[in-house]
Amino acid sequence: MYNEIDLDKIDMNAEPPAEEPARQYYFMAKCREWVQEFERIHGGGPTACIQTFGCQMNAKDSEKLAGILVAVGFDETNSEDADFVLYNTCTVRENANQRVYGRLGQLGVIKKKRPDMIIALCGCMMQEKEVVDKIKASYRFVDLIFGTHNIFQLPELLCRCLMRENPKKLVAEIWDGTDKIVESLPAERKYAFKSGVNIMFGCNNFCSYCIVPYVRGRERSRNPKEIIREIEMLVADGVVEVMLLGQNVNSYGKTLTNPISFAQLLQLAEQVEGLERIRFMTSHPKDLSDELIEVMKRSKKICPHLHLPLQSGSSRILKQMNRNYTKEQYLELAAKIKNAIPEISLTMDIIVGFPGETEEDFQETMEVVEKVGFDSAFTFVYSKRTGTPAAVMDNQVPEDVVKERFDRLLKQVQTTSAKVSGRQVHTVQKVLVEEVNSHDSWLLTGRLENNTVVHFPGEPQLIGTITQVFLDEFKGNHKNRHSGSNHGFHLSAADKDSSIPIGNQHHDEEYCRPCTKYVPHRPFLDVFRQLFLSCPIAKAD
């Protein structure tokens, strides 16, 4: 939601405002003039394609970027053969950069055929000087570059790009950092019924393997009143579930003039009338408080799912990672959470092969996996990330050793997950219905409160509603990334989306077969049930 302003009524003869976001609305109006001229010449509006690489923070940024372009008059398209193509980049792993370079090469071929198209890059990759230098030297057909700190400046930068005298001159605006938080600009949500809400930006943790603090900057928390106002506006627009987003939500509020805790923010959000579900990510074990556990325990809206990255079960390796907790502290925290909220779904991240990891260190990780009993996990093979302290550490673990450990961990996680995650089989649970299943149009796909994905027969009219489903059969699911590849199984449509990044789909799957007793508990599906009774496939099942 944003301040809906009629762009045609903005005085273009006046100087651009200095304050934000009024300044960006001014440049949106100028871009709108260009769009109108484009429509007059070509008989239709310009097209825009945004490709998102990376985390849910990037996905949220892309919704803002898309909202601006649509408000200006661009028509969205999934084809990169568009008038404006924007890559919102990720740099969490080296191979993420290589993906972008590969895709850029393909874009260059398209641009040779249509030289008037505009190619733009933004996001985390652009915060690295060597990346920008490489773009300037090897990809001279790129028109616009900006970073993570000035995403909101798209209207102004696009306007500069459209109005430049030399169409081959690169427009680049990279900020080293900022204390600005500019919201209240348009956003084009992927789902009408659920939305991410940024509560903070940046990270202060400096884990030794992670590039995020260097490209996203220091922590900056949004004013809680602005957050709650945004949630209220989203609910008024039909949203029933929000995901509160931050690199480390547990440290929310520390940079505010009048600090409040993340738990207190959750309590404020819970008071929003009409909001059904509250999710959040990501948490850091060192900052997860007893206050938060108590708030989650008592809440009727906060979903019983917590992603609690482990990374390693060895206290020695955790110290090298600069995680600021020990194996024993993690185990104590996990036990405390499960004792307080028995129904909670705990998920985790694990890195295999961090520099200096011994067999003894790895066995400690295996021990934590077995003791905690996670619902599911993301496992990663460590890969060097240039610019991080871990990249220059001694004792890099040989690839064959890492692979062998990775395979053992995968089996352990699958075994543990199978024991834990099937506990809701043969129960009736509430599901937020999200979409028609991409593999079988007879089925719908949704999520339980604990973030488990379910598939079940139903009518498309259910999408966006919370309905009850009888869970028939559990299909185990484990997500992992081995040298950047996807080795998960039983993947849902969302998992296969190339824009979904490492570490952001944490769930197991439940599968409800298309038979009469497994459909949603809704009377109007009686006819639908009869269709399945007469279906030979359903009978065979």
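Which residues is phenylalanine 262 in contact with, leaving aside its neighbours within four places in sequence?

## Basis of the model

This is a predicted model, in which local features need pLDDT of at least 70 and side-chain atom pairs count only at pLDDT 80 or more, while totals for chains, interfaces and linings use all residues. Residues are numbered from 1 along each chain as its sequence is written, and side-chain values use heavy atoms, with hydrogens and water left out.

## Nonpolar cores

Beyond those neighbours, phenylalanine 262 is in contact (heavy atoms within 4.5 Å) with Ile199, Leu244, Val249, Asn250, Tyr252, Phe280 and Leu292. Phe262 is also, with Ile231 and Leu244, among the residues with the most contacts inside the largest nonpolar core, which has 72 residues. A nonpolar core is a set of buried Ala, Val, Leu, Ile, Met, Phe, Trp, Tyr and Cys residues joined through side-chain atoms within 4.5 Å. Another core, of 34 residues, lies apart from it and includes Tyr26, Ala29, Leu65 and Leu86.

## Glutamine 51

Glutamine 51 is in strand S1 (residues 47–52); strands are DSSP runs of E, at least two residues, numbered from the N terminus. This residue counts as buried because its relative accessibility is 17%, buried meaning under 20% relative accessible area with a 1.4 Å probe and protein chains only. Residues up to four places away in sequence not counted, glutamine 51 touches Asn78, Glu80, Leu86, Tyr87, Asn88 and Arg103.

Definitions and conventions. Buried means under 20% relative accessible area, exposed over 50%, partly exposed in between (1.4 Å probe, protein chains only). Helices (H or I, at least four residues) and strands (E, at least two) are DSSP runs, numbered from the N terminus.
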